[in-house]
Each structure stands twice: as C-alpha cells, then as structure tokens.
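Colleague: Could you walk me through this one slowly, as I am still new to reading structures?

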Amino acid sequence: MTVWLIILSLAALTYLTRFVFLGLVGDRPLPAWLLRHLRYTGVAVLPGLVAPLVVWPAATGGATDPVRLAAAVVALGVGAWRRDVIQAVVAGALTLAALSWLLPG
Amino acid sequence: MVRKRGAPFARGVAEGLPFVVIMVPFGALFGVLATEAGLPLDQVMAFSVLVIAGASQFTAVQLMTDGVPAVIVVLSALAVNLRMVMYSAAMVPHIGSAPLWQRAIVSYLLVDQTYALAIQSYEAERAWSVADKVAYFAGTALPVFPAWIGATWIGAALGAQVPDSWQLDFAMPLAFLALVGPMLKTRAHVAAAFVSVAGTLALWWVPWNLGLMVAAVLALATGAEVERRAELRMGVRA
C-alpha cells in the first residue's frame, strides 16, 4: 500500500516537473538564480546518496572495503573522463570482479 | 546552407535508436534490483511506466529498502528529477504553441535522452514548423520508451535468478557513480558533488536520511555560488 503511494505520488510530481512550463506556465523566461540552482540538482543529490553505500557497504556489515572503494573510484573516474555511463558501469564492475578474484575476502 | 533532408519523424526514430544501448542495461538493472528489494512485478513495472526517470527510481528503491519514511522517499527521489523543470522550460520556445494534448504527451516522454536530442535538432533545424518539431520528438521517443519498459520487465523476470556471487549489492552504487561522472562538467558541478558527499557522511547520524536532504540543499547553493563567481571573473576579464 505504502509502496503504491510512493510510486503514484512520485509519478504525479515528476510529471508535474515536466509539464509545469510546457503546459502551465508557458513562454516566460526562468529567473537566472532559479536556473542556476536547477543545473545542480543531479550532482547535489546523487553523490550524497551513493557515498554511504560506498564507504560503509551493508554487505560487509558497514566496514569499509578497499575492493568496493576501488570499483567506485574507477566508475566515477571513467564516467567523468569518457562522459559515457555504460563505459563507466562496465569499468567499475570489471574492477569489482577482478579485485574480488585477486583478493578473496 | 546544406539542409538535412528527411521527414522529422523518421529522423527522430533514427537518432533515438542508439540510446537503446543505454536504456536496456539500465532498465534491466532497475528491474533486477527492484525485484531483489522485494517489489512485486506490477510495482516494478509501475515505476518504469509511470515515473520514467531512472536515477530517481533507483533512489526511491534504495531508500525504501533502508526503511525511510514514505514522504522522505518521495521528496528525495523528486529532488533528483527537478532538472526536468529546466527541460520543460527549454521546450516552450519550440513547441509551446502545439495543441495541449500534444504538449501533455511530450511532457510524459520528456527524459534526458529525448530532451537532449530534441534541443540539439531544434537549434540546427530552424526551418522546422511546430508540427515538424513535435513529430521529431515523437520519433525519438519511439525506440527509447519500449526499450526502457521492456528492459525493466526482463530485469524483473531475471531478478530472482541472479547468483549472490555477482555482488549485486554494489550494482546500485556503481550505476549512480556512472551517472554522476558525466555530470561533472564544470568546477561548480565538482564542488556541488563534493559538498553532497561530505555533508551526507557528516550528517549520517540524522534520522530518516534527512542529512541527505540538508547536504543536497547545501550542495545546490555551493554549485550556484561557484558558478556565479566564475561568471563574475569572466565578466571582469571580458
């Protein structure tokens, strides 16, 4: 029940973010300060969301794991360097697999 | 001037097709992880059909498994999607005079990939009518959405069969980091990301993941302020 509530409210509110100007506000310029903040919504939320998962992974009971840390650094680095999401995931996953195999925990 | 010929709709389909390569693995990963988190098939599919925003879907599922209250789950996942407001505004000069029902459908299908393609082509094809522009957009959406929804379904069907040795617990962090990497376009973006990480870790003791929200607000302000100062410096030089 709660899950449906989450899905439906997230769906409705997300639709609103896409419809707000196209359907409601129309052709009015956004104030510069607002645009300036909207540009950073992705980098403001996602890194914080992922940081505890990387530093204190649940799979190790919260202990910092060098293998996961290395895989995370590689995924982020390749993503920033290549500007390609798929290459970044693959590089991170390969690092995780290779190091797990080399350093069985 | 050399004008690219071809019907806008067909061009949209052709240019949307390569994005299937991104949508399929990400959709499948969402399907797998949401299923592993305990969601039944209908809820997994409802996420991908109704929300259609990968990063926020991953966010919601992650926070739900952490047992965070529903309101915080929705607000955190919505925060990830606020950039769509910018997309919506950017589309208005191009298709703002299209019929309302068309704009309503375009809004539903306005995701990172279709937006990026549309804006790029609209800037290049000045001669296109509003109807041409809507047709192009519909074309880009045609391969992208079935790929996203179909891949989610495949992922959900596979979910239970993935062996533990694959260390899927770390697939979500890797997916997030892979999304963040390409976003680090300027020093302002890097600064915002840094504040987001440092703030969340420092405020981890705050209940209900509210530390994440506080850190996100600080990170937004940081990004905006670094950008403003960079512009001031540019202004001085120019």
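**Helices, contacts and core**

Modeller: Let us begin with helix 4 (residues 54-65) of chain B and helix 5 (residues 70-81) of chain B, which pack at an angle of about 160° with their axes 8 Å apart. Axes here are lines fitted to C-alpha atoms, for helices over the stretch in contact, and angles run from 0 to 180 degrees between N-to-C directions. Please keep in mind that this is a predicted model, in which local features need pLDDT of at least 70 and side-chain atom pairs count only at pLDDT 80 or more, while totals for chains, interfaces and linings use all residues. Residues are numbered from 1 along each chain as its sequence is written, and chains are lettered from A and ligands numbered from 1 in the order in which they are written.

Colleague: What counts as a helix here?

Modeller: Helices (H or I, at least four residues) and strands (E, at least two) are DSSP runs, numbered from the N terminus.

Colleague: And how are helix 4 and helix 5 of chain B oriented, roughly parallel or roughly antiparallel?

Modeller: They are roughly antiparallel to each other, where angles under 35 degrees count as roughly parallel, over 145 as roughly antiparallel, 65 to 115 as roughly perpendicular and the rest as oblique. The crossing of helix 4 and helix 5 of chain B is right-handed, a term used if the near helix is turned clockwise from the far one by less than a right angle, with left-handed used if anticlockwise.

Colleague: Which residues meet there?

Modeller: From helix 4 of chain B the contact includes Ala55(B), Thr59(B) and Leu63(B), and among those they meet in helix 5 of chain B are Ile72(B), Ser76(B) and Val80(B). Two residues are in contact if their C-beta atoms, placed from the backbone, lie within 7 Å. By class, this contact of helix 4 with helix 5 of chain B has 9 nonpolar, 4 polar and no charged residues, where Ala, Val, Leu, Ile, Met, Phe, Trp, Tyr, Cys and Pro count as nonpolar, Asp, Glu, Lys and Arg as charged, and the others, Gly among them, as polar.

Colleague: How many residues are in contact between the two chains?

Modeller: In total, 78 residues of chain B are in contact with 63 residues of chain A. Helix 6 (residues 83-95) of chain B gives the most to chain B's side, with 10 residues, and by class that side has 57 nonpolar, 16 polar and 5 charged residues.

Colleague: Switching topic, what is chain B made of?

Modeller: Its secondary structure comes to 12 helices and 0 strands, and the C-alpha trace of chain B spans about 60 × 55 × 30 Å along its principal axes. Of the 238 residues of chain B, 47% count as buried, and a residue is buried if 20 or more other C-beta atoms lie within 10 Å of its own, exposed if 12 or fewer, and partly exposed in between, with C-beta atoms placed from the backbone.

Colleague: Which residues have the most contacts inside the largest nonpolar core?

Modeller: Those are Ala75(A) and Ala175(B), in a core of 104 residues. A nonpolar core is a set of buried Ala, Val, Leu, Ile, Met, Phe, Trp, Tyr and Cys residues joined through C-beta atoms within 7 Å. The largest share of this core, 10 residues, comes from helix 9 (residues 130-158) of chain B. Leaving aside neighbours within four places in sequence, Ala175(B) is in contact with Val89(A), Phe26(B), Leu29(B) and Phe58(B).

Colleague: One last thing, is Ile52(B) buried or exposed?

Modeller: Ile52(B) counts as buried, because it has 23 C-beta neighbours inside 10 Å. Ile52(B) is in the loop between helix 3 (41-51) and helix 4 of chain B, and it has a positive phi of about 45° although it is not a glycine.
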